[in-house]
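Q: I would like to go through the ligand site and then the aromatic pairs. Could we work from the structure itself?

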Amino acid sequence: MTTETELMNPPALWQDTEDQAALRREIREFCKREIAPNVSLWDEASEFPLDVVRQLGRMGLLGIIFPQEYGGAGLGYTDYVLAIEELSRVDGSIGITVAAHNSLCTNHLFLAGNEQQKRKYMPLLTSGEWLGAWGLTEPGSGSDAAGARTSAVPHKDGWLLNGNKTFITNGRYGDLAVVLCVTDKSQGTRGITAFLVEKGTPGFRAGKKENKLGLRASDTSELIFEDCYIPAENQLGNLGEGFKDAMRVLDGGRISIAALSLGIAQGALDAALKYSKERRQFGKAIHEFQAIAFKLADMATQLDAARLLTLRAAQRKDAHLPVTRESSMAKLFASEVAVRICDEGVQIHGGYGFIKDYPAEKFYRDVKLCTIGEGTSEIQRMVIAREILK
Ligand SMILES: Cc1cc2nc3c(=O)[nH]c(=O)nc-3n(C[C@H](O)[C@H](O)[C@H](O)COP(=O)(O)OP(=O)(O)OC[C@H]3O[C@@H](n4cnc5c(N)ncnc54)[C@H](O)[C@@H]3O)c2cc1C
């Protein structure tokens, strides 16, 4: 029996720089020591490992893509992809927690915040002292994000927020939430504005904790606003530009969901390779059957292709080039390929793939979120089609 994913197949598609190799080693050692032994326990109990997340903060991973002047590690998206992949290879729940914190909450603040807001909140977030959440989705508006109904109405010197956000990563444990609200219904997407809401603000609370298929150790919940007063200084970005900024945030965020897909799929492939050498039927290790060896070959090839698309998007982001098309392509392809790889991972394990003593079933459950979060595959195809038909 093995519940621990063996890291036997380094994804050395491109040459790591010395710093990247050191980062990869550091994350692997941390995962082996602090995460791998607890993955099944956290999953079973749907327990959010706050202590481990705090340690990731001390390692610099909760501010990995932000400049050092704001307390960040000052690294780029290629390093970020590496980090999310390595974490997700062992536990996708940790991967999505770090991804939502970095590329949604903190990045929205970094892109749209004024200097005062950045000086106040960035160091708290980049150090991991505070955890960040980002609330766009609502019960009635997911893919159609512009259909949001959570409202912000001018009140005294600030705003009064009312409404519900749903499926928000880090919703209960988050210390700061970026929340997209309707400030002028008549203006459609130009009538949406972002606000910074601190945990503990009267009228703001986390609601139901979601009981999920996969990524069960990540924190997903509702955010509820009932006459929640927000001072004017907590308006994030210009009035009516929240939706536009959210789309820019998602351009980067989708790279991290592609990286999450790569990590979960690599974990599934590692486990399948290992099992195919251990399991014997008809007097042979099962990888000696061409049907199994070809599955492994297809899995490895698809994963490498997905990694190339993801790294292209990351490199463009680091070069400050437009990435809407590239990040959507990476997210679409990596997530769909990852779902197939995890499916084959279960198949290669036979009945043991269906049993919780082996990691294959968890990869299979966790990976499905990747074709849904930060825009479903259908929405990615719409984005890509729009970009190539311009
Ligand atoms: C674990 C988890 C974590 C999440 N974290 C966050 C978070 O931190 N912050 C946040 O804001 N949101 C978060 N989400 C929400 C996520 O982004 C949405 O679930 C997703 O965008 C889909 O929205 P929906 O669930 O409302 O589905 P719907 O939009 O209702 O879609 C249902 C189906 O219809 C399809 N569909 C919809 N419109 C079209 C169309 N025009 N053409 C073709 N098909 C269409 C969809 O592709 C899908 O197959 C999270 C979700 C989950 C499950």
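Q: How far is the polar side-chain atom of Ser 143 from an oxygen atom of the ligand?
A: In this predicted model, the distance between that Ser 143 atom and the ligand oxygen is 2.6 Å.

Q: What about Glu 378?
A: An N or O atom of the Glu 378 side chain is placed 2.7 Å from a ligand oxygen.

Q: How much of the ligand does the protein cover?
A: On its own the ligand has 980 Å² of accessible area, and the protein covers 64% of it.

Q: Where does the ligand sit?
A: The largest pocket holds the ligand.

Q: Which elements give two or more residues to the shell around it?
A: Those elements are strand 1 (132-135), strand 3 (158-169) and helix 11 (377-388). Strand 3 contributes the most, with three residues.

Q: What is the make-up of that shell by class?
A: Seven residues are nonpolar, seven are polar and three are charged.

Q: Changing topic: how many aromatic pairs does the structure hold?
A: There are 11 aromatic pairs. One of them joins Phe 66 and Phe 110 in an edge-to-face arrangement, at 5.5 Å centre to centre with 70 degrees between the planes.

Q: Why does that pair tie together parts that are apart in sequence?
A: Phe 66 belongs to the loop between helix 3 (50-58) and helix 4 (77-90), whereas Phe 110 belongs to helix 5 (residues 92-112), so the pair links parts 44 residues apart in sequence.

Conventions. Residues are numbered from 1 along each chain as its sequence is written. This is a predicted model: local features need pLDDT of at least 70, side-chain atom pairs count only at pLDDT 80 or more; totals for chains, interfaces and linings use all residues. Side-chain values use heavy atoms; hydrogens and water are left out. A polar contact is a pair of N or O atoms within 3.5 Å; within protein, one must be able to donate a hydrogen and the other to accept it, and residues adjacent in sequence count only if both atoms are side-chain atoms. Accessible areas come from the Shrake-Rupley method with a 1.4 Å probe; for residues, only the protein chains shown count as cover. On a 1 Å grid over the protein atoms alone, a cavity is a set of points where a 1.4 Å probe fits but cannot get out, and a pocket is an open set with protein on both sides within 12 Å along at least five of seven lines; lining residues have an atom within 4 Å of a point. A molecule sits in a cavity or pocket if more than half of its atoms lie within 2 Å of its grid points. Helices (H or I, at least four residues) and strands (E, at least two) are DSSP runs, numbered from the N terminus. Ala, Val, Leu, Ile, Met, Phe, Trp, Tyr, Cys and Pro count as nonpolar, Asp, Glu, Lys and Arg as charged, and the others, Gly among them, as polar. Rings of Phe, Tyr and Trp (its six-membered ring) pair if their centres lie within 6.5 Å; planes under 30 degrees apart count as stacked, over 60 as edge-to-face and the rest as tilted.
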